[in-house]
Amino acid sequence: MESSPTLARLAALTQDSSNRLKAVLPLVPPMLRASLQAGPIDGDSWCLIIKNNAAAAKVRQLLPAMCAHLRTKGWDVNSIRIKVQS
């Protein structure tokens, strides 16, 4: 991967997304944690992939707290999008 800047960038973004998920998991009720996956990062927007609509509805209520928590940890996150896995 080091020989390809594009692959190295994708690997770094994937790792960053995973780290963000790890940072917000304590804010998520334990029964919902298995429903979340780290999604793509697009500038100051991050995407969470969620397994079903019911879990997505619950997580939507947590988004402001998640954004604030990530900002306190040094990430530039102004919004978190939710994508329900089909």
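Student: Which residues does Arg20 touch, not counting residues up to four places away in sequence?
Tutor: Arg20 touches Ile41, Trp46, Leu70, Trp75 and Val77, where contact means heavy atoms within 4.5 Å. Keep in mind that this is a predicted model, where local features need pLDDT of at least 70 and side-chain atom pairs count only at pLDDT 80 or more, while totals for chains, interfaces and linings use all residues. Residues are numbered from 1 along each chain as its sequence is written, and side-chain values use heavy atoms, with hydrogens and water left out.
Student: Is Arg20 buried or exposed?
Tutor: Arg20 is buried, because its relative accessible area is 4% (buried is under 20% relative accessible area, exposed over 50%, partly exposed in between, using a 1.4 Å probe and protein chains only).
Student: And where is Arg20 placed?
Tutor: In helix α1, and that helix covers residues 5-24. Helices here are DSSP runs of H or I with at least four residues, strands are E runs of at least two, and both are numbered from the N terminus.
Student: OK, charges now. How many salt bridges does a search of the whole structure find?
Tutor: One. A salt bridge here is a side-chain nitrogen of Lys or Arg within 4 Å of a carboxyl oxygen of Asp or Glu.
Student: Which residue forms a salt bridge with Arg20?
Tutor: Asp16 does, with the closest N and O atoms 3.2 Å apart. Both residues lie in α1, four residues apart, about one turn of the helix.
Student: Why would side chains pair like that?
Tutor: Side chains of opposite charge can pair when their charged atoms come close.
Student: What about the accessibility of Asp16?
Tutor: Asp16 is partly exposed, at a relative accessible area of 22%.
Student: Switching to packing: at what angle do α1 and α2 pack?
Tutor: About 115 degrees, with the axes 10 Å apart; α2 is residues 53-72. The axes are lines fitted to C-alpha atoms, for helices over the stretch in contact, and angles run from 0 to 180 degrees between N-to-C directions. So α1 is roughly perpendicular to α2 (under 35 degrees is roughly parallel, over 145 roughly antiparallel, 65 to 115 roughly perpendicular, and the rest oblique).
Student: Which residues make the contact?
Tutor: From α1 you have Arg20, Ala23 and Val24, and from α2 Met66, His69 and Leu70. They divide into four nonpolar, one polar and one charged.
Student: How are Trp75 and Arg20 separated, by C-alpha atoms?
Tutor: By 8.2 Å, though they are 55 residues apart along the chain.
Student: And Asn19, how accessible is it?
Tutor: Asn19 is partly exposed, with a relative accessible area of 28%. Its place is in α1, and the C-alpha atoms of Asn19 and Ala38 are separated by 8.6 Å.

Methods:
Nonpolar A, V, L, I, M, F, W, Y, C, P; charged D, E, K, R; others polar.
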